[in-house]
Amino acid sequence: MIYSNWLDVPFKVDTTEAGDTLGFYGEVAAPKLTKEILNTGDVRMYINLNTPTDPVIEHLPYFDIYSGINITATFQEGGIFLYSNVDAGSFTDNNGVKLIQYRYILIPGGTAARKADSGIDWRNYKAVQQYLGLKD
């Protein structure tokens, strides 16, 4: 299993030739994301919607029914493409606190399961963190 640190990901505006905004995108380099992992393994992406000291973590794709915010992840060899209907990029607030960070987990297909029927909820970051022994 391979996992990234919590990453700052800037987003750029996606526009038409006429200058109309379509959405926003960010790119994450993942050099160990190989064709083999894409074909036989698993890739997970998480977003920390809050601060490193007070995390609120969700699994991508993320959709909030109240705000209408939608963030998706597309995985390809060597990287991850994020797309959103809002600027979902990392930033530092006026108090110097980081907000909005991303983490990926790569699970090669040859990785033996820790338990035959783990019952792990891959959408629950705390459960995944505990199951895989991830450090923040």
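So, Asp-14 stands opposite Gly-23 in E3. Quick caveat: this is a predicted model, where local features need pLDDT of at least 70, side-chain atom pairs count only at pLDDT 80 or more, and totals for chains, interfaces and linings use all residues. Residues are numbered from 1 along each chain as its sequence is written, and side-chain values use heavy atoms, with hydrogens and water left out.

Back to the strands (DSSP runs of E, at least two residues, numbered from the N terminus). E2 pairs with strand E3, residues 21-29, in the antiparallel sense over 4 bridges; pairing takes at least two DSSP bridges between two strands. Zooming out, there's an open sheet of 5 strands, antiparallel, running E2-E3-E8-E7-E6. Strand E2 (12-15) and E6 are at the edges with a single partner strand each, so one side of each has no neighbour in the sheet.

Next up, Ser-90, in the loop between strand E8 (79-84) and strand E9 (91-92). What does its side chain reach? The backbone nitrogen of Val-9, at 2.8 Å, and also the backbone oxygen of Ile-100, at 2.4 Å. If you skip neighbours within four places in sequence, Ser-90's contacts (heavy atoms within 4.5 Å) include Leu-7, Asp-8 and Tyr-102.

Last one: Tyr-66, in the loop between strand E6 (62-63) and strand E7 (70-76). Buried or exposed? Tyr-66 counts as exposed because its relative accessibility is 77%, and the cut-off for exposed is over 50% relative accessible area, with a 1.4 Å probe and protein chains only.

Methods:
Polar contact = N/O pair within 3.5 Å; in protein donor to acceptor, adjacent residues only side chain to side chain. Buried < 20%, exposed > 50% of the residue type's maximum accessible area, 1.4 Å probe, protein only.
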